[in-house]
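Here is a guided walk through one protein model. Keep the sequence and the 3D view side by side as you read.

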Amino acid sequence: GKLFDSTITDEGTWTLEDRKLIRIVLMKTNRDAGNCWTSLLENEYAADPWVQDQMQRKLTLERFQRENPGFDFSGAEISGNYSKGGPDFSSLQK
């Protein structure tokens, strides 16, 4: 099938574990919080809604950490509007 979105070809790896499990790791081209894939392949293997929600929360916290390197978000929880990467504060003055 066709991947949901693009990946970095040179960053992909695969391993064979216990001679029966192939583990494939793909690096997304666009890894920002607003680009959380809903499935691995187009129209197939959709993530469970709870798992999708957890992925969006994690990516949004990672975005906040990158934008605010002096703060510790390790124990933070996020609620509210975090889908598609959460609120955009880029227009606010610092």
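Read from the N terminus, the elements run β-β-β-β-α. That makes 4 strands and 1 helix. The model is predicted. The protein has 94 residues, and 19% of them count as buried.

Helix 1 covers residues 49–67, which is 19 residues. How far apart should its ends lie? At 1.5 Å a residue, helix 1 should span 27 Å.

Now look at the start of helix 1. Asp-48 sits there, and one of its side-chain oxygens comes to within 3.0 Å of the backbone nitrogen of Trp-50.

Which residues of helix 1 are buried? They are Gln-52, Gln-56, Leu-59, Thr-60, Leu-61, Arg-63 and Phe-64. An α-helix has 3.6 residues a turn, so residues three or four places apart point the same way.

The same helix holds salt bridges. Take Arg-57 and Asp-53. Their closest N and O atoms are 2.9 Å apart, and the two form a salt bridge. Arg-57 and Asp-53 are 4 residues apart in helix 1, so about one helical turn separates them. Arg-57 counts as partly exposed because its relative accessibility is 26%, between the limits of 20% and 50%.

Next come Lys-58 and Glu-62. Their side chains meet in a salt bridge, at 3.0 Å from N to O. Both residues belong to helix 1, and they too lie 4 residues apart, about one turn of the helix. Glu-62 has a relative accessible area of 23%, so this residue is partly exposed.

How many salt bridges does the whole structure have? The search finds 5. One of them joins Lys-2 to Glu-42, with the closest N and O atoms 3.8 Å apart. This pair links distant parts of the chain, 40 residues apart. Lys-2 is in the segment before strand 1 (13–17). Glu-42 is in the loop between strand 3 (39–41) and strand 4 (44–46). Glu-42 counts as partly exposed, at 36%.

Phe-4 lies in the segment before strand 1 and Trp-37 in the loop between strand 2 and strand 3, so the pair ties together parts that are 33 residues apart in sequence. Phe-4 is partly exposed, with a relative accessible area of 32%. Trp-37 counts as buried, because its 10% relative accessibility is under 20%.

Turn now to the surface. Trp-14, Leu-16, Ile-22, Ile-24, Leu-26, Leu-40 and Tyr-45 form a nonpolar patch there. Together they have about 820 Å² of accessible area. Which strands each supply at least two residues of this patch? Strand 1 and strand 2 do. Ile-24, one of the patch residues, lies in strand 2. Its relative accessible area is 58%, so Ile-24 is exposed.

Tyr-45 is also part of the patch. This residue is found in strand 4. At 59% relative accessibility, Tyr-45 counts as exposed. Its backbone deserves a look as well. Phi of Tyr-45 is near 60°, a positive value in a residue other than glycine.

Arg-19 also has a positive phi without being glycine, with a value near 55°. Where does Arg-19 sit? Its place is the loop between strand 1 and strand 2 (21–25). Arg-19 counts as exposed, because 80% relative accessibility is over 50%.

Methods
Residues numbered from 1 in each chain as written. Predicted model: local features only at pLDDT ≥ 70, side-chain atom pairs only at ≥ 80, totals over all residues. Heavy atoms only, no water. Expected span 1.5 Å × (residues − 1). Buried < 20%, exposed > 50% of the residue type's maximum accessible area, 1.4 Å probe, protein only. Polar contact = N/O pair within 3.5 Å; in protein donor to acceptor, adjacent residues only side chain to side chain. Salt bridge = Lys/Arg side-chain N within 4 Å of Asp/Glu carboxyl O. Patch = residues over 30% accessible without salt bridge, like charges linked within 9 Å, V, L, I, M, F, W, Y side chains within 5 Å. Areas by Shrake-Rupley, 256 points an atom, 1.4 Å probe, with all protein chains shown as cover.
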